[in-house]
Amino acid sequence: GRKECVDALLKYGASLELEDFDGNTAYNIAVLGDHGDMAELLLPPGQENVTLSRIELQSKSKENNAACYKRIMAKQHQRERDRERSLVTQYSRLHENLFTFSEEFFDPIFLEALKKGTLSELASSPLEGVFVFPMLSSKFCNELIQEIEHYEHSGLPLRRPNSMNKYGAVLTDLGFRTMFDGFLRNIVQPLAEGLLGTDAVGALRSHHTFAVKYKVGEDRFLDTH
């Protein structure tokens, strides 16, 4: 919201059409942040005649903000899908079986409790909101690690899970989106409902699925989280 900084950037030719990684222009960010005065300065070319009253209305209207956010997220999701499709066509998989959801990925004891609705009996809870129970099979875990390491050695672009971790991978980039869609629908949704209750969970529709590697000497400046 610092007008003097915006004025200086515009004076020296900053583009109003540039987008960040999430597909946001400076105008979008100003609108979503309720900075009406900034949004007026950052109007995209061709929209200079939009009045300040309209900008103020847009920046303060939850409905309009939600619509703007929806458009931005739709653009980001499309960009991610295009990127994933491009990588999938270039990547030679190591374990093809991993890319189709299967109950064989899970511990039989866990699956039985999930289907019978007895997860609360299987899980221990050392802290409020923290649950401990067997879930994934050793075979699945080992093959997933091998697949990630295989991708890392492929030379293809590798996205890290977030800005904190330098070691790890976003698994949808490897082609796992469909498999983890099934994971979310068939496992995570009933799992969350079984432990937290249907009213507390709601419908789970999306996921950011990634793996992170921790090792002595790596990510030494990773903050406590």
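Phe99 lies in the loop between helices α5 and α6. The structure is a predicted model, in which local features need pLDDT of at least 70 and side-chain atom pairs count only at pLDDT 80 or more, while totals for chains, interfaces and linings use all residues. Residues are numbered from 1 along each chain as its sequence is written, and side-chain values use heavy atoms, with hydrogens and water left out.

Helices and strands here are DSSP runs, numbered from the N terminus: a helix is a run of H or I with at least four residues, and a strand a run of E with at least two.

Let us return to Phe99. Is this residue buried or exposed? Its relative accessibility is 6%, so Phe99 counts as buried. The term buried means under 20% relative accessible area, exposed means over 50%, and partly exposed lies in between, with a 1.4 Å probe and protein chains only. Leaving aside residues up to four places away in sequence, Phe99 touches Tyr91, Arg93, Glu147, Leu174, Gly175, Phe176 and Met179; contact means heavy atoms within 4.5 Å.

I turn now to the chain as a whole. Its secondary structure comprises 10 helices and four strands, and along the sequence these follow the pattern α-α-α-α-α-α-α-β-β-α-β-α-α-β. The chain has 225 residues, of which buried residues make up 34%. Among contacts between residues at least 6 apart in sequence, 65% join residues at least 24 apart.

The next topic is a pair of helices. The axes of α6, residues 108–116, and α9, residues 177–196, come within 10 Å and cross at roughly 60°. That makes α6 oblique to α9. In these terms, angles under 35 degrees count as roughly parallel, over 145 as roughly antiparallel, 65 to 115 as roughly perpendicular, and the rest as oblique. The axes are lines fitted to C-alpha atoms, for helices over the stretch in contact, and the angles run from 0 to 180 degrees between N-to-C directions.

Which residues of α6 and α9 meet? On the α6 side they are Phe110, Leu111 and Leu114, and on the α9 side Asn186, Ile187, Pro190 and Leu191. The residues of this contact divide into six nonpolar, one polar and no charged. For this count, Ala, Val, Leu, Ile, Met, Phe, Trp, Tyr, Cys and Pro are nonpolar, Asp, Glu, Lys and Arg are charged, and the others, Gly among them, are polar.

We come to the salt bridges. A salt bridge is a side-chain nitrogen of Lys or Arg within 4 Å of a carboxyl oxygen of Asp or Glu. How many does a search of the whole structure find? It finds 10 salt bridges. In one of them, the side chains of Arg177 and Glu84 meet at 2.6 Å, N to O. Arg177 lies in helix α9 and Glu84 in helix α5, residues 62–90, so the pair ties together parts that are 93 residues apart in sequence. Both Arg177 and Glu84 are buried.

A further salt bridge joins Arg159 and Asp173, at 3.0 Å from N to O. This pair links distant parts of the chain: Arg159 is in the loop between α8 (138–152) and β3 (168–170), and Asp173, 14 residues apart from it, is in the loop between β3 and α9. Both Arg159 and Asp173 are buried. Salt bridges that share partners also join Glu80, Glu84 and Arg177 into one network. Glu80 has its place in helix α5 and, at 18% relative accessibility, counts as buried. Beyond residues up to four places away in sequence, Glu80 touches Arg159 and Arg177.

Another setting is seen with Arg93 and Glu96, which form a salt bridge whose closest N and O atoms are 2.8 Å apart. Arg93 is partly exposed, with a relative accessible area of 28%, whereas Glu96 is exposed, with 52%.

Finally, consider Val170, which lies in strand β3. At 2% relative accessibility, Val170 counts as buried. Not counting residues up to four places away in sequence, Val170 touches Arg159, Arg160, Pro161, His208, Thr209 and Phe210. Arg159, one of these partners, is the residue that forms a salt bridge with Asp173.
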